[in-house]
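Q: Can you walk me through this model? I'd like to start with strand pairing and then move on to rings and pockets.
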Amino acid sequence: MIIFRNDIQKGGKDYEEVAERLLRLINQNEPRMVYFLVRTWKEQESSLTYKELREAIEGGAVTEGMMDKWRQSYSKLVADVMLPNWVSAIESAHDQFRERSNGLYDPGYDTMMKWTREHAANWVVDITKDQRLAINGLIQRATQLEFQTSDALARAIRPTIGLYPGQATANFNYYQRVRDTLLENNPNMRVRTAEKRAKDAAIKYGAKQHRYRAQMIARTEIAAAYNNSEHEAVKQAIKDRIMLPTTEKTWLDAGDNRRCEICKGLNGTSLPIGQLFTCGFQVPPAHPHCRCVVIYVEK
């Protein structure tokens, strides 16, 4: 939120409104983003055949064909879902300038759209890379454990498509624990039966993991688009002499009991526009799930 000099002279602004503005934006856009993220991972899982997984397992790593499928899938997700939500956050961040100028001034919109395109490309690369690391890690670990067959490993890996490496490892460990416990407690049970039950249990566990990851991505991406676009808008407004060059930025956390130590430590810190906060960033988010914002005050 931007606190213009004449706003201060009139008695200031309610700082609680600043954090609530971002939270409203997250609450409005998060459900749709979560739905489509989870659906994308489900489609990736369904489209990945056991034959492709066996080829990856026997070759010791994810194949280029699998990578191409994932890149195409995420590119479509960006175009259909992520981009509209980034733009929505940008529009919300620029509202104050438009309201103040009766729609005649919209700073940094072209710059922010450039940031959005670059961010989209990097996001596809990063999420695909995480997916490859997760699956390759499971393949290598299973080889060390002398997993029974490629088919069994393929059934264990499939529910982890879309999870980041730590989640994928947790899901694999869960699958293996359920499978081994069933065989230990039921000496007459067939291995294939134990594997099927373990796979079903891992799928249910994976559904919860996918939803958690989708929520993390949605919240973090909305906060990143909002805070970065507002930051660029203020910088442009200073260049255009709409705002004073002495404007400062102040970090503000979400103000509830879900704050982490990083954000509580940054809360209230004021800096000149061009300086980095101690977390190493110009603006929030400082970490995944971060719901912090920045106040810009004309001095």
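Q: Which residue stands opposite valine 294 in S4?
A: Tryptophan 251 does. Before going on: this is a predicted model, where local features need pLDDT of at least 70, side-chain atom pairs count only at pLDDT 80 or more, and totals for chains, interfaces and linings use all residues. Residues are numbered from 1 along each chain as its sequence is written, and side-chain values use heavy atoms, with hydrogens and water left out.

Q: How many bridges join S2 to S4?
A: There are 5, and the two strands run antiparallel. Strands pair if DSSP finds at least two bridges between them. Strands (E, at least two residues) and helices (H or I, at least four) are DSSP runs, numbered from the N terminus.

Q: Is S4 buried or exposed?
A: 5 of its 5 residues, 293–297, are buried, so S4 is largely enclosed by the rest of the structure. Buried means under 20% relative accessible area, exposed over 50%, partly exposed in between (1.4 Å probe, protein chains only). Val293, Ile295 and Val297 point one way, Val294 and Tyr296 the other.

Q: Switching to rings. How many aromatic pairs are there?
A: The search of the whole structure gives 4. Rings of Phe, Tyr and Trp (its six-membered ring) pair if their centres lie within 6.5 Å; planes under 30 degrees apart are stacked, over 60 edge-to-face, the rest tilted.
A: One of them is tyrosine 74 with tryptophan 123: centres 5.9 Å apart, planes at 90°, so edge-to-face.

Q: Where do those two lie?
A: Tyrosine 74 is in helix H4 (residues 64–100) and tryptophan 123 in helix H5 (residues 109–144), so the pair ties together parts 49 residues apart in sequence. Tyrosine 74 is buried at 0% relative accessibility, and tryptophan 123 is buried at 8%.

Q: What does tryptophan 251 pair with?
A: Phenylalanine 277, edge-to-face, 4.9 Å centre to centre with 75° between the planes. Phenylalanine 277 is in the loop between S3 and S4, 26 residues from tryptophan 251.

Q: What about the largest pocket, which residues are closest to its centre?
A: Trp123, Asp126, Ile127, Asp130 and Glu221, out of 13 lining residues. H5 gives the most to that lining, with 6 residues.

Q: How is a pocket defined?
A: On a 1 Å grid over the protein atoms alone, a pocket is an open set of points where a 1.4 Å probe fits, with protein on both sides within 12 Å along at least five of seven lines; lining residues have an atom within 4 Å of a point.
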